[in-house]
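User: I should like to learn how to read the features of a structural model. Could you take me through them in turn?

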Amino acid sequence: MGLERTAKQVDDELDGICLQMVQLMDEYCSNIGRLEHCLRDGCVHLAKSRYVMGHRSVSDLQLPTSGQYTARSTVVREEDTNVIRLACDESGDDPIKRFGVLVPGSLRKAQEGFCKCLESAIEAAIVKAEMETIQGNYLSLKNARSQMTNVVNK
C-alpha cells in the first residue's frame, strides 16, 4: 500500500513538472518573439539611418579597429549560483558617438532596439537554463517511477 501512495505522489510531481515546463516553454517562445521583433525594428531603423546619413556614414567603418573598447553592457554568469544577468556600465563607450554629434532619431531608435534584443536574449537564456534544470528533475523522477513499477511487477 505504501508503494502505491509514493507512486501517486511521484505521478503528481511529474504532472506538476510537466505543467511548469509548458509554462516555461510559453515564456521562452514569447521571449524569442520579443527578440525577433526588437531585432527587426532595430534593423529597419538602422536601414533608415543609412538612407538618411548615407551608406558610408553608417557602416562597419565606424567599428573600433584599434585601442581598448569598453562595452556598456556585458553578460555575467555568477559562478556560485550559475545565474545569468546583464551588467550595465555607464562609463563604457557609447557606440552612437562614433557616428557624429547630431545623429538621426532612427539611429537612436536602432540602438534602443538592439539593447532590447540583448535583454530579451538574456531573459530567454535564463528561461532555457531553468527548463534544462527542470528537465533533469523530470528525468530523475521518471527513473524513480520506473523503478517503483519494476519492484511492484517482480
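User: How should the confidence values be read?

Analyst: This is a predicted model, in which local features need pLDDT of at least 70, side-chain atom pairs count only at pLDDT 80 or more, and totals for chains, interfaces and linings use all residues. Residues are numbered from 1 along each chain as its sequence is written, and side-chain values use heavy atoms, with hydrogens and water left out. pLDDT is the predictor's confidence in each residue, from 0 to 100. Where pLDDT is low, the predicted coordinates should not be read in detail. Here the protein chain has an average pLDDT of 86, and 95% of the residues reach at least 70. Helices (H or I, at least four residues) and strands (E, at least two) are DSSP runs, numbered from the N terminus.

User: How do strands β1 and β2 run, and how many bridges join them?

Analyst: Two strands pair if DSSP finds at least two bridges between them. Strands β1 (residues 73-78) and β2 (residues 83-88) are antiparallel and joined by 6 bridges. Val75 has Leu86 of β2 as its bridge partner. The hairpin has 4 residues between its strands, and Asn82 there adopts a positive phi near 60°.

User: How many disulfides does the structure hold?

Analyst: A disulfide is a pair of cysteine sulfur atoms within 2.5 Å. The structure holds 0 disulfides. For Cys29, the nearest cysteine sulfur belongs to Cys38, 16 Å away. The sulfur of Cys43 is too far for a bond, because the closest cysteine sulfur, in Cys117, lies 7.7 Å from it.

User: Is Cys29 buried or exposed?

Analyst: Buried means under 20% relative accessible area, exposed over 50%, and partly exposed in between (1.4 Å probe, protein chains only). Cys29 has 52% relative accessibility and so counts as exposed, whereas Cys43, at 42%, is partly exposed.
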